[in-house]
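Hi,

Here is the structure I promised to pass on.

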Amino acid sequence: MHGSQSNGLALDLEGVTKRFGNFTAVDGLSMQVPTGSIYGFLGPNGSGKTTTMRMVMSIFYPDDGRISVLGQPRGELVKDRLGYLPEEKGLYKKMKVREIVTYFGTLKGMNRAEAWEKATQLLERYGLGEWLDKKCEALSKGMGQKVQLLGTLIHDPDLLILDEPFSGLDPINMELMRDTILQMAREGRTVLFSTHVMYQAEEICDRILLIHRGHKVLDGPLREVRSSGDQAIKLDYDGDGRVLHEISGIARINDAGKSAELILEPDKDPQELLRELVGKLVIRRFDLREPSLHEIYVKAVGDDAIIEGVH
Amino acid sequence: MAKTYLVARREFVENLRTKAFWIGILAFPLMYVLLIFGSVWLSKTKDIRKYAVIDHSGFVLAGIEARQVLPDIDKLYRAYKQAKTEKARSWFPAAIRTGNIGQALAEVDKKKPEDLDKVIDGFEMFGRFLPQIRANREQIVDMIDRFSFLLPEGMSKDQVVKWFDTLPPEFDEMKSWLAKLDEKDRKQWVASTAPSSFVRVKTNASEKELRERVDKGDLFAVFVIAKDPVGVQPSKKPKASDGDGGTKPNSEDVSRYISNNYTDKALRRWFAGEASAVIREARVKRLNVKAVDAAWVNAGLHFQSKGVNKEGKEVDVTDKAQALQFAPVVFVYVLWLAVFIMSQMLLTNTIEEKSNRIIEVLLSSVSPMQLMTGKIFGLAATGLTIVFTWVFFFFTGAKVMPLIYPAVGVAMDKMGIASIITDPVLLPSFLIYFVLGYLMFSAMFCAIGSVCNSLKEAQNLMTPVTIILIVPMLTLMPIVHSPNGTIARVMSYIPIYTPFAMLNRSAGPPPLIDYVLTTILLLVTVFVIMVGAAKVFRVGILMTGKPPKIMEILRWLRAPVTNMPARKDMQ
């Protein structure tokens with residue numbers, strides 16, 4: 001939107017480190033988020049995503065390294081052009097819906113009348129027209145989440161930072177969140193969001209970064225990351241999944257019970273695998289494709305990730 | 001600054017919508033009204049308690065009864081004048097009320113003509129003795145003669161005598177006014193009435209029966225008046241050795257008060273006073289002394305209260321000055337209460353904000369310092385609104401109430417409320433110390449609130465702060481009694497106590513150097529505490545898990561703002 005970033009990066013982190021006492025939450029992290037992209041920030045719980053985002057928002061300061069936000073050396077300088085939706089979010093229960101959205105707008109430098117107008121528009125567009133003058137405590141959880149999102153968007157931020165935006169959303173709101181993110185990107189704004197649920201990132205991200213225990217595991221455009229060379233089969237089936245383990249030439253199996261992802265060893269022929277499966281399982285789908293992000297992640301961080309319960 | 005304002009504005013607007021705010025606004029005027037009308041109402045609804053009198057003397061009870069139907073011209077005159085002119089009269093010296101001319105004259109500062117008016121008013125009050133005055137003109141003239149050295153300058157003996165000869169025309173008007181009142185209203189203008197709620201039962205029952213009724217709770221008390229309460233003069237009393245010293249006195253020889261209630265002494269005190277007055281009259285009569293001589297003998301030595309002004313001259317101690325010396329107690333108490341309650345509100349509010357997770361959203365738009373100061377100022381605006389409303393009520397109340405209800409005007413006059421309001425030091429210093437004290441304590445409480453996840457946790461951290469805060473309450477009276485003493489000075493120089501101690505001393509008043517130094521110290525402390533609190537707030541507000549140890553908080557304080565330490569559970 002604003003072309004002020006000379007290098008085309010909405011966000012540029014270099015060697016950022018944050019320690020809490022003896023614990024290093026983020027360790028030498030570098031991250032480049034191009035302007036206008038949808039950037040997925042992936043990693044399990046406790047891997048340093050939130051800490052990184054808080055550093056971008058100048059809620060924390062890094063112990064080491066350099067952060068450049070919208071071309072500025074400090075996030076504070078451009079706070080009004082950033083939108084941040086934390087994972088743990090709340091509303092003032094006693095405030096009216098339109099007032100709280102307006103309040104968030106004014107905190108971002110909008111004047112009251114303008115913010116009031118915009119809040120009314122947004123709330124009506126998102127189906128909360130009847131709730132404008134109701135108190136926040138009267139909202140259902142899903143509506144509350146919408147209001148929080150609108151509070152983050154009201155000032156048309158150039159860089160939107162969403163921490164686990166999909167967690168706890170029902171399918172309808174999840175759809176809405178996805179559409180909102182896409183809409184923002186279409187308008188030339190940059191969206192950075194974190195998630196520990198890989199398939200959510202696969203659906204909409206231009207680029208991703210995988211973080212594990214404060215370290216960057218890999219990053220790049222989603223397509224490049226996924227075309228790492230391995231072959232994978234997406235299998236939907238009925239029957240006893242244990243038979244999959246008896247088949248040779250499969251490097252790894254991510255079995256979910258009714259469907260599984262099979263990572264083949266380089267010389268394994270998928271056709272042969274299909275022949276071997278017939279009769280042992282009822283096959284509903286047999287799909288040859290690139291490995292999932294989940295698989296890429298597991299491969300990159302090894303068994304640690306499994307122990308820590310990555311889905 | 002703009003963001004601080006936005007946070008403060010929201011805080012303020014939201015506070016206006018709370019019930020607590022309106023309760024706070026109305027609490028003071030309500031108390032004001034309750035205090036004034038409540039006491040009247042309470043005294044009306046009091047249970048009626050009965051007492052009985054056995055009078056072996058045969059004349060004391062009759063004397064007391066007679067005193068109870070004489071109108072109290074003093075009260076009556078005052079009420080009458082107010083009702084007529086709607087202007088509260090000045091507060092008369094106590095001696096005039098009791099009818100002691102000597103003292104009344106002694107109270108008068110000869111150089112002040114307005115005091116002369118007071119004396120004349122006082123003589124008007126003498127209407128209580130009107131029957132005697134009219135009956136015995138010589139006695140009065142004699143009395144005035146005797147005390148002529150005390151007469152105010154410019155007032156001759158003849159003038160006073162002339163005044164007695166031509167009683168103010170109002171007096172007759174007054175009598176007709178009293179006559180028009182109904183029984184119930186008239187009763188309050190009577191010279192001597194039993195304490196409210198006590199009623200005497202007329203009975204011929206024996207003492208034994210009455211004692212039983214006391215035991216059953218039917219009677220509150222029984223008075224037994226001895227056969228000869230006037231007694232024998234000590235000099236004429238037979239020596240104990242040659243009398244019947246060994247025998248128990250007859251029950252008719254001793255006056256007694258029989259009751260099972262040992263705490264409420266109002267009835268006993270009143271009855272004893274009235275009976276003493278009757279007996280005194282009887283003794284004066286028996287000795288064949290002139291009533292004037294008796295009054296003269298009875299009169300005590302009166303010390304006039306005087307102060308010293310800056311030029312070293314003696315000045316009168318007015319009611320205003322007295323009120324001003326005690327006013328700080330009320331002001332310090334209100335200050336303490338206001339600061340404490342508002343800081344507590346801020347604490348609760350901070351914990352709420354933290355526990356409902358809105359804090360991180362806010363921190364993405366404002367800095368912790370902006371958030372904290374915004375909250376503090378927002379609540380300060382709320383508090384000041386309440387305080388100013390109170391002051392407004394106080395002012396208008398002081399102006400309007402006497403017009404509606406004259407007795408209130410008299411009561412307020414007595415308390416010197418007008419002089420408290422117009423005092424150049426008290427109200428302004430109250431407001432200044434309120435703001436500074438509030439900033440200091442609210443910052444502390446904000447910091448405490450930020451590190452706690454629940455009110456329960458906060459209470460543990462609050463305990464030491466509460467103990468520290470109790471101290472100004474303990475030193476309240478010692479400082480009033482000695483406003484420039486050691487305790488007062490030491491307390492003034494401990495910054496967290498400065499607002500309370502200096503306000504407490506304002507009647508002193510403290511030397512200018514104390515004002516200057518303590519204010520500088522206080523301002524510096526407020527600044528340091530605000531910065532320290534902001535540091536703690538910045539870390540604490542995002543923290544979950546158990547509250548930090550004191551040492552951990554101290555570590556946060558030492559770290560520079562750009563490199564805030566934090567805990568593992570904050571990642």
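**What I found**

Let's start with one residue: Arg283(B) sits in helix α14 (residues 266-287) of chain B, where helices are DSSP runs of H or I with at least four residues, strands are E runs of at least two, and both are numbered from the N terminus. Before going further, note that this is a predicted model, so local features need pLDDT of at least 70 and side-chain atom pairs count only at pLDDT 80 or more, while totals for chains, interfaces and linings use all residues. Residues are numbered from 1 along each chain as its sequence is written, and chains are lettered from A and ligands numbered from 1 in the order in which they are written.

Back to Arg283(B): this residue is partly exposed, because 15 other C-beta atoms lie within 10 Å. (Buried means 20 or more other C-beta atoms within 10 Å of a residue's own, exposed means 12 or fewer, and partly exposed is in between, with C-beta atoms placed from the backbone.) The C-alpha atoms of Arg283(B) and Val230(B) are 6.3 Å apart, although 53 residues separate the two along the chain.

**The sheet in chain B**

Chain B has an open sheet of four strands in the order β2-β1-β3-β4, with mixed pairing; two strands pair if DSSP finds at least two bridges between them. β2 (198-200) and β4 (256-259) of chain B are the edge strands, each pairing on one side only. From one strand to the next, the twist averages 25°. Axes here are lines fitted to C-alpha atoms, for helices over the stretch in contact, and angles run from 0 to 180 degrees between N-to-C directions.

Strand β1 (residues 49-55) of chain B runs parallel to strand β3 (residues 221-225) of chain B, with five bridges joining them. Ala52(B) has Val222(B) as its bridge partner in β3(B). Helix α13 (residues 207-216) of chain B packs on the sheet and touches β1, β3 and β4 of chain B, its direction making about 155° with that of β3(B). α14(B), the helix that holds Arg283(B), also packs on the sheet, touching β1, β2, β3 and β4 of chain B, and its direction makes about 20° with that of β3(B). Contact means that the C-beta atoms of two residues, placed from the backbone, lie within 7 Å.

**Two helix pairs in chain B**

Helix α21 (residues 426-451) of chain B and helix α22 (residues 455-474) of chain B cross at roughly 150°, and their axes come within 9 Å. α21(B) and α22(B) are therefore roughly antiparallel. (Under 35 degrees counts as roughly parallel, over 145 as roughly antiparallel, 65 to 115 as roughly perpendicular, and the rest as oblique.) Met444(B), Ile448(B) and Gly449(B) of α21(B) meet Ala458(B), Leu461(B), Met462(B) and Val465(B) of α22(B). That contact has six nonpolar residues, one polar and no charged; Ala, Val, Leu, Ile, Met, Phe, Trp, Tyr, Cys and Pro count as nonpolar, Asp, Glu, Lys and Arg as charged, and the others, Gly among them, as polar.

What about helix α26 (residues 512-540) of chain B and helix α27 (residues 550-558) of chain B: at what angle do they pack? The angle is about 110°, with the axes 9 Å apart, so α26(B) and α27(B) are roughly perpendicular to each other. Gly532(B), Lys535(B), Val536(B) and Val539(B) make the contact from α26(B), and Ile553(B), Trp556(B) and Leu557(B) from α27(B). By class, this contact of α26(B) with α27(B) has five nonpolar residues, one polar and one charged.

**Strands in chain A**

Strand β6 (residues 159-163) of chain A is mostly covered, with five of its five residues buried. Leu159(A), Ile161(A) and Asp163(A) point one way from β6(A), and Leu160(A) and Leu162(A) the other. Leu85(A) is opposite Leu162(A), and Leu160(A) is opposite Val191(A).

**Where the chains meet**

Finally, 23 residues of chain B are in contact with 29 residues of chain A. On the chain B side, α1(B) gives the largest share, four residues.

Cheers
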